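Here is a quick walk through one model, from a single side chain out to the whole chain. Have the structure open and follow along.

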Amino acid sequence: MSARAAGAPESVEQEVAAEATYGSLPLLKSERTWGAGDFSWVTISLAIATWAFLTGGATVLLVGFVDGVATMLIGNSLGLGIMVLGSVVLSQRLGVEQYRALKSVFGIVGVGIVVFTVVLLTEMGWTSLLGVLFGRAFTEISNQAFDAGFAPYGPIVTVFALLAIVAGWVVLSRGPVTISRLNRFVAPGLIVIVVLMMVMLMSQHSWSDLLEAPAMAPFENEQLNFMMAVEFNLGAGLSWWPVMGTLARLTRTPKAAMWPAYGGIFLGTVVAQIVGMAAALMIGEADPTAWMVPLGGPILGILTLLFVGFANVTSMASIAYSTVLALKQSSGRAMARVRWPLLCAGFLALPAVLAFFPAFMYEKFMTFVVISGAFIAALCGVIIADYFVLRRQRVSLRALYASGSEDPMRFTGGVNVAALLSVAVASAFYLWVYNPITLETQPFFQYATASLPTVAIAIVAHLVLSHLLYVRRGRGAYGLPDAFAAARRDRA
């Protein structure tokens, strides 16, 4: 018996093969297109996009180089670990698109609430930021190559950003195989460029100058500066949650998903952030599009901007791929028959609007990362509690596709009240501990961050509320057999 026969309704079985890639069908092993190498190139390329340089530059607003490296290692390692447990494991094991799998956590209507609020707004922001970074890169190229004199955040930046979004749509509309092929070229090139930039930077400046350079705009409290930088990098690591589960679904084995999802992003981020931090301190510019030409010279700097700008397009396509799938699966029948290229265009139209405000996207970058991290930390805590503790890593695949009164995961009108309430409580706690708008913090933030207690509170709240509302009443499909695992044992 096949995995589909075991877990999916017979009517779904008749869908065209393309629905497995662009829709909600669980992928069989033979349909999963990425090995560990393929997924590694995807994650490395995603990590070394321009935002990693920008994150490094933003980190040294608070701390110097040595402390910056420490906060980057601590924040990213913890954030990525939480993110992988909250997204990659569940989707890869079932071969199911992330937001279909999350029906087991939030209910079918609850997933829609999460997708059309947290996920949509977060991925709109990241996609728009990539477009603006592309626009800034090509504006700088025009200024250096043709002495154009375009303003840093003028209308030309918006024009180039819109061109990047169109290019991202072209790549995205051709599916994940095209994304993987492009990243096999982009990722190695980015690694070479990043290492070369670091070598050039240190050939022009001494290590002692770099190590002694002060933070660019710190607060008076050094411990607070350090923990705010850790929290910022925690948020950056968590920010991969909306896309990574769906991308991991395309991998062939659990190892091919987990190690590249964690190690590939960590490696790419570490390398790019170190360069971004060093360049910001030595050149005095946190914006990577502003220091690449002064660092590399007119020829190499322009070539670097050109290549990094192109990498933003492939990163944008990877992000939009997961987000469009999420929107499609969470909309019920509303988007079920809409063609894939049209769905992609509809989503990318939203970041295109934000591209008309490039200065705003830059100025609010750190605030955006921290706010999105507050909600994602809570979401991950709830998912970890539900999948690893309550369900013990056993999810009924058939229940994921059931509907109406026959749906054992109906919870309360399609909403897992325990899960969403836990997210709300934990997110509110985060924003109380650390307000990213006013930058006010509670005293214990300096020792515990805001994200780690938020994850813990989300876990405890979900376990308690789920037992009260669903588990002890036999609701929510807790304890149902894992049909997918059973099918695999039958085949073996």
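Predicted model: local features only at pLDDT ≥ 70, side-chain atom pairs only at ≥ 80, totals over all residues.

Let's start with tryptophan 41, which is partly exposed at a relative accessible area of 30%. For these labels, buried means under 20% relative accessible area, exposed means over 50%, and partly exposed is in between, with a 1.4 Å probe and protein chains only. Tryptophan 41 sits in helix H4, residues 36-47.

Residues are numbered from 1 along each chain as its sequence is written, and side-chain values use heavy atoms, leaving out hydrogens and water.

How confident is the predictor? pLDDT is its confidence in each residue, from 0 to 100; the chain's mean is 84, and 88% of its residues reach 70 or more.

| Stretch | pLDDT | Contacts beyond near neighbours in sequence |
|---|---|---|
| Residues 1-23 | below 50 | 59 contacts |
| Residues 484-492 | under 50 | 15 contacts, beyond four places in sequence |

As for the fold, the chain has 25 helices and 0 strands, counted as DSSP runs numbered from the N terminus (helices H or I, at least four residues; strands E, at least two). Of its 492 residues, 60% count as buried. Take the contacts between residues at least 6 apart in sequence, and 85% of them join residues at least 24 apart. The accessible surface comes to about 18,500 Å², with 66% of that belonging to carbon and sulfur atoms; the areas come from the Shrake-Rupley method with a 1.4 Å probe, and for residues only the protein chains shown count as cover.

Now for the inside. A nonpolar core here is a set of buried Ala, Val, Leu, Ile, Met, Phe, Trp, Tyr and Cys residues joined through side-chain atoms within 4.5 Å. The largest one has 156 residues, and Phe53, Leu102, Phe106, Met197, Trp240, Trp241 and Met244 touch the most other members. Helix H17 (residues 288-330) gives the most to this core, with 19 residues. Beyond four places in sequence, phenylalanine 106 contacts residues including Val111, Leu379, Ile383, Asn416 and Val423.

Finally, the cysteines: cysteine 344 is buried at 0% relative accessibility, and cysteine 380 is buried with a relative accessible area of 0%. The structure holds 0 disulfides, a disulfide being a pair of cysteine sulfur atoms within 2.5 Å.

Technical notes:
Contact = heavy atoms within 4.5 Å. pLDDT = per-residue confidence, 0-100.
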